[in-house]
Amino acid sequence: MAKMWAGRFSKEVDETVNAFNSSIAFDGRMYRHDIQGSIAHATMLGDCGIITKEDSLAIIEGLKGILADIENGTLEFDMTAEDIHMFIEAELTNRLGDVGKRLHTSRSRNDQVAVDIRLYLRDEIEEIYALVKELAVSIYNLAKEHTETVMPGYTHLQRAQPITFAHHLLAYVQMLVRDLDRLKDTAKRMNYCPLGSGALAGTTYKINRKQTAELLGFTAPMANSLDGVSDRDFCVELNCALSLIMTHLSRFSEEIIMWCSWEFKFIELDDAYATGSSIMPQKKNPDITELIRGKTGRVNGDLVTLLTMLKGLPLAYNKDMQEDKEAIFDAIDNVKLCVKTFTPMLTTMRVNKENMRNAAAKGFINATDCADYLVKKGMPFRDAYKITGTLVAECISKDLTLETLPLESYQKMTELFTEDVYEAISLETCVKERKSEGGPAPDAVKLQLETAKQQLGI
């Protein structure tokens, strides 16, 4: 394909350089958005009298025809084209002749690609938002079923205090709610139109930037033409949001990997969302969650790519910025793939309530409640803490638990202990009495469910 910019050059570009320079292999996915931007630009050119109305309408119809032919498969990309923008313009010129050559009036590829990627990412954010919300709703629905399911809460991966499975799940709902807010914020900040910025310094034509911004659904034109073509903050910001989504999925995946092991057996994955071993017939492996854990590093790597690519660039456009697309596209693709797989895996898994309850009964996770029992009877917390620690040590030496330790052992430490200590340190009491806002008590969880329902708009 002949280069649109070939007039300045006396020889053809080396084939290796052409392949190295070409981006159509990955930016071809923006064809719909490139045509959308070009239709808005052609409309504005005709309305402003920069080209004739007749030419404007012909260009618009030509672009619509190209879009239809790409989508019905009759027009394939020319992989020797430099990029999707040049491919579409060349195809338009082939169809319309000189009229097609008028499309690029008062426009540069710099502001063209800047508007294309914003349009593309805006659509992708909308799709990712819907997927993450679906996942959050699925976790919310699972939590509603387990407000009474007692399990151990952990710190340092050591059993710490009793909670409920609903309480644990709702922590992830809140993470995803923040992810949804970040996606909305990113979309809001990126929704400004760079079209009309030209190569870097605008144009001498009397264009109407507000019109193209409105036609494309942007809030307004970007305020500075240099910023208009060189800004890729929105790619970085979106990748940051995607990295956090993946981090949250990865943390949840790590817990699922542990929970479905024989050492925990808190849950069992559906056979459709697990794999086997080539040599060990008994194995049921949580490969989906392991892949999500691995792909999190990949999405984080995309973020580092973007930050590193931008960090040394002078204004305005530099070819380095072509590297933005593969990174952000890869991050988007992997997040969508992971969320789409994680959601049905989660909704089909079986929860083993009995094993959760049994695990909560071990590990002295009611020790804090034993100390609080003494504090409520007037003892300073640090004294109560020391006494309880001593009792735990005695239990360990005698292979007992706080529930099975004789009352006389308690009363040797202090006469404040009476028979009611056993009720105070029962798991059910430990959970139900943690009524503070955000806590695991059923009443507190009910409020969290209501809050999550409002946040998710369900």
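## Two helices side by side

In this predicted model, the crossing of α7 and α20 is left-handed. The axes of these two helices come within 11 Å of each other and cross at roughly 160 degrees. Since angles over 145 degrees count as roughly antiparallel, α7 and α20 are therefore roughly antiparallel to each other.

The contact between the two helices can be followed residue by residue: on the α7 side it involves Lys133, Ala136, Val137, Tyr140, Ala143 and Lys144, and these meet Leu449, Ala452, Lys453 and Leu456 in α20.

## The nonpolar cores

The largest nonpolar core has 74 residues, and of these Leu121, Leu242 and Ile267 touch the most other members. Several helices each supply at least two residues of this core, including α8 (165–190), α11 (233–259), α12 (287–310) and α13 (323–348), while α7 gives the most, with 15 residues.

Which residues does Leu242 touch, if residues up to four places away in sequence are not counted? Leu242 is in contact with Ile128, Val299, Ile328, Ala331, Ile332 and Val335.

## A hairpin of two strands

Strand β1, which covers residues 150–155, pairs with strand β2, residues 158–164, in the antiparallel sense over six bridges. Within this pairing, Val150 stands opposite Thr164 in β2. The hairpin that β1 and β2 form has two residues between the strands, and in this hairpin His156 takes a positive phi near 55 degrees.

Definitions and conventions: Residues are numbered from 1 along each chain as its sequence is written. This is a predicted model: local features need pLDDT of at least 70, side-chain atom pairs count only at pLDDT 80 or more; totals for chains, interfaces and linings use all residues. Side-chain values use heavy atoms; hydrogens and water are left out. Two strands pair if DSSP finds at least two bridges between them. Helices (H or I, at least four residues) and strands (E, at least two) are DSSP runs, numbered from the N terminus. A nonpolar core is a set of buried Ala, Val, Leu, Ile, Met, Phe, Trp, Tyr and Cys residues joined through side-chain atoms within 4.5 Å. Buried means under 20% relative accessible area, exposed over 50%, partly exposed in between (1.4 Å probe, protein chains only). Contact means heavy atoms within 4.5 Å. Axes are lines fitted to C-alpha atoms, for helices over the stretch in contact, and angles run from 0 to 180 degrees between N-to-C directions. Angles under 35 degrees count as roughly parallel, over 145 as roughly antiparallel, 65 to 115 as roughly perpendicular and the rest as oblique. A crossing is left-handed if the near helix is turned anticlockwise from the far one by less than a right angle, and right-handed if clockwise.
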